[in-house]
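My notes follow in the order I checked them.

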Amino acid sequence: MTLHWNAVEVRFPWTMLAILAASFLCGQSFVLWTFLALLPHEMGHCLAARSMGYRVEGLTVYPYGAAMTLDRPLAGLSELAVAAAGPVASVASATLAAGLIAFLPGLRAIAPFVGASLLLAAVNCLPALPLDGGRMLRAGLTRLGTPVFARTLSAGIGVAIGVLLLAFSIYSLALGFFNASMTCMGAFVLAGSLREQKASGYAAATRVYQRQSQIRSRGSMRLDTVAVHEASSARDALKNLESASLIAVVDDDLHLRGTLAEGDLLHGMARCGSEVRLRDLLH
């Protein structure tokens, strides 16, 4: 399902809607409160990005966070500030809701929102991609080492945390109680971290190595080219390289702007992130 809010395309994957429906049917209303707590959390991210001159193009909402698409990738202190804005907004909204309840006892029905907002802030501070804590960790590690090192370590920590959360969820089920929030959290962290690892370009790097070996052994190799729009991200462009070796970058009028190979995409993603636009890699 897709909505449009203030020129931003907001997407709700069917898997997220299914989780919300299943949680409601199972009496796990706290998941619904967590979803409501996402609204101020993500508004904090969007406002922080816009205040720094970024344009928010899209938002894909998940039970414990959202993937924000910007006109250009975040880097360094900008990524740190935008990532931190989400938990700060969650704590602020929880404080506001608690204050309203204190002065207006009739609003006690929204008390779960306070706990959900604080939980959302705490969860997103975990040092695991794609959570805010993982992005803050990656931004900090980038200043200490290479972007590849920062992304690899952050994604690896995220995978470990996701596995631990799912293991704890399964263990709690064996003890006779089921925590839907823990299960959703673990699945979200694990899937997001695996996606970050894939976006790092390991699969494409393997293909590069295989094709280099093919050239060395056979002396030649056929190169196929696929045309991709200049506004596409490097991550999306990698998907087109499953059946081709080169990308012809074209504009709206289908004029050729330049060509990119797999190595160009890998270097660009390592330097600027997986959402870097093809037109930026040509410069």
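Predicted model: local features only at pLDDT ≥ 70, side-chain atom pairs only at ≥ 80, totals over all residues.

**Entry 1: the chain as a whole**

I started with burial: 42% of the 283 residues in the chain are buried, where buried means under 20% relative accessible area, exposed means over 50%, and partly exposed is in between (1.4 Å probe, protein chains only). Residues are numbered from 1 along each chain as its sequence is written, and side-chain values use heavy atoms, with hydrogens and water left out.

I counted eleven helices and seven strands in the chain; helices (H or I, at least four residues) and strands (E, at least two) are DSSP runs, numbered from the N terminus. The chain exposes about 14,500 Å², and carbon and sulfur atoms supply 66% of that. Accessible areas come from the Shrake-Rupley method with a 1.4 Å probe, and for residues only the protein chains shown count as cover.

I also looked at contacts, meaning heavy atoms within 4.5 Å. Of the contacts in the chain with a separation of 6 or more, 57% are between residues 24 or more positions apart.

**Entry 2: salt bridges**

How many salt bridges does the structure hold? I found two, taking a salt bridge as a side-chain nitrogen of Lys or Arg within 4 Å of a carboxyl oxygen of Asp or Glu.

One of them joins Arg 138 to Glu 79, with the closest N and O atoms 2.3 Å apart. Arg 138 sits in helix 5 (residues 132-144) and Glu 79 in helix 3 (residues 77-103), so the pair ties together parts that are 59 residues apart in sequence. Are these two partners buried or exposed? Arg 138 is buried at a relative accessible area of 8%, and Glu 79 is buried, also at 8%.

I then went to Arg 257 and Glu 230, whose closest N and O atoms are 2.1 Å apart in a salt bridge. This pair links distant parts of the chain, 27 residues apart: Arg 257 is in strand 7 (residues 256-261), while Glu 230 is in the loop between strand 5 (225-229) and helix 9 (234-240). Arg 257 is partly exposed at a relative accessible area of 39%, whereas Glu 230 is buried at 12%.

**Entry 3: what else touches Glu 230**

Leaving aside its neighbours within four places in sequence, Arg 279 is in contact with Glu 230 and Ala 231. Arg 279 counts as partly exposed, at 28% relative accessibility. I also checked Arg 279 against His 229: they are 50 residues apart along the chain, and their C-alpha atoms are separated by 8.6 Å.

**Entry 4: strands 5, 6 and 7**

Two strands pair if DSSP finds at least two bridges between them. Strand 5 and strand 6 pair in the parallel sense over five bridges. Strand 6 (residues 246-250) and strand 7 run antiparallel, joined by five bridges.

I traced one row across: Ala 227 has Ala 248 in strand 6 as its bridge partner, and Ala 248 has Thr 259 in strand 7. Val 249 stands opposite Gly 258 in strand 7.

Strand 6 is mostly covered, with four of its five residues buried. Strand 6 and strand 7 form a hairpin with five residues between them, and Leu 254 in the turn has a positive phi of about 65°.

**Entry 5: helix 10**

In helix 10 (residues 262-272) I noted the buried residues, among them Glu 262, Leu 265 and Met 269.

**Entry 6: cysteines and a greasy patch**

How many disulfides are there? The count comes to zero, a disulfide being a pair of cysteine sulfur atoms within 2.5 Å. Cys 46 is buried, at a relative accessible area of 4%, and Cys 125 is partly exposed, at 44%.

Last, the surface: Leu 96, Leu 100, Phe 103, Leu 104 and Leu 107 form a nonpolar patch with about 530 Å² of accessible area together. Patches are made of residues with over 30% relative accessible area and no salt bridge; like charges are joined within 9 Å, and nonpolar side chains (Val, Leu, Ile, Met, Phe, Trp, Tyr) within 5 Å. Leu 96 lies in helix 3 and counts as exposed, at 58% relative accessibility.
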